[in-house]
Amino acid sequence: MELIIGLISGAVGGNVAGGVVKKLDQGLLINSLSGIVGGGIGGTVLSMLGASGGGGLDLAGILSQVAGGGIGGGAVLAGVGVIRKALNK
């Protein structure tokens with residue numbers, strides 16, 4: 001269940017990052033896919049570091065998965081945006 005929360009919050013985080021920073025915006029599909037990848041990675045890294053709030057479905061666990069997924073989604077979208085911009089030159 002934690003992975004699903006991380007993936008969904010990653011997709012949201014990728015789209016929010018694309019909406020806030022217009023230079024990063026790659027369109028709904030790429031923003032969502034980048035966010036999903038980043039959400040999975042972010043949630044996994046937080047779990048490995050022990051910052052998952054106990055790893056359960058309590059409030060702390062859910063909030064840490066949402067935060068990790070959102071931040072990971074935005075970070076991967078930023079990386080994708082930089083790479084796509086460099087390849088278009």
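When I say contact today, I mean heavy atoms within 4.5 Å. Keep that in mind, and keep in mind too that this is a predicted model.

Leave aside the neighbours within four places in sequence, and L24 is in contact with N31, L77 and A78. Where does L24 sit? In the loop between α1, residues 2-20, and α2, residues 28-48. Is L24 buried or exposed? The cut-off for buried is under 20% relative accessible area, and L24 comes in at 16%, so L24 counts as buried. Another thing I looked at is the pair L24 and V80: those two are 56 residues apart along the chain, yet their C-alpha atoms are separated by 8.2 Å.

Let's zoom out to the whole chain. If you'd rather think in boxes, the C-alpha atoms fill one of roughly 45 × 20 × 15 Å along the principal axes. Of the 89 residues, 35% are buried. And if you take the contacts with a separation of 6 or more, 71% of them are between residues 24 or more positions apart.

Now the helix packing. For two packed helices, the description is the angle between the axes plus the distance between the axes.

First pair up: α1 and α2. The angle is about 135°, and the axes are 6 Å apart. What do we call that? The cut-off for roughly antiparallel is over 145 degrees, and α1 and α2 are therefore oblique to each other. The crossing of α1 and α2 is right-handed. On the α1 side the residues that meet α2 are L3, G6, L7, G10, A11, G14, N15 and G18, and on the α2 side they are L28, N31, S32, G35, I36, G39 and G40. Sort that contact by class and you get 5 nonpolar, 10 polar and no charged residues.

Which residues does I36 touch, leaving aside neighbours within four places in sequence? L7, G10 and A11. I36 has 35% relative accessibility, so I36 counts as partly exposed. Against M1, which is 35 residues away along the chain, the C-alpha separation of I36 is 15 Å.

On to the other pair, α1 with α3, where α3 covers residues 59-87. Here the angle is about 45°, and again the axes are 6 Å apart. Roughly parallel would need an angle under 35 degrees, and α1 and α3 are therefore oblique to each other. The crossing, where α1 passes α3, is right-handed. From α1 we have E2, I5, G6, S9, G10, G13, G14, A17 and G18, and these meet I62, Q65, V66, G69, G70, G73, G74 and L77 in α3. The class count for α1 with α3 is 5 nonpolar, 11 polar and 1 charged.

To tie this back to where I began: L77 is one of the α3 residues that α1 meets, and L77 is also among the contacts of L24. Likewise, N31 is on the α2 list that α1 meets, and N31 is another contact of L24. That's what I have; over to you.

Technical notes. Residues numbered from 1 in each chain as written. Predicted model: local features only at pLDDT ≥ 70, side-chain atom pairs only at ≥ 80, totals over all residues. Heavy atoms only, no water. Helix = DSSP H or I, 4+ residues; strand = E, 2+ residues; numbered from the N terminus. Buried < 20%, exposed > 50% of the residue type's maximum accessible area, 1.4 Å probe, protein only. Axes fitted to C-alpha atoms, helices over the stretch in contact; angles between N-to-C directions. Parallel < 35°, antiparallel > 145°, perpendicular 65-115°, else oblique. Left-handed = near helix turned anticlockwise from the far one by under 90°. Nonpolar A, V, L, I, M, F, W, Y, C, P; charged D, E, K, R; others polar.
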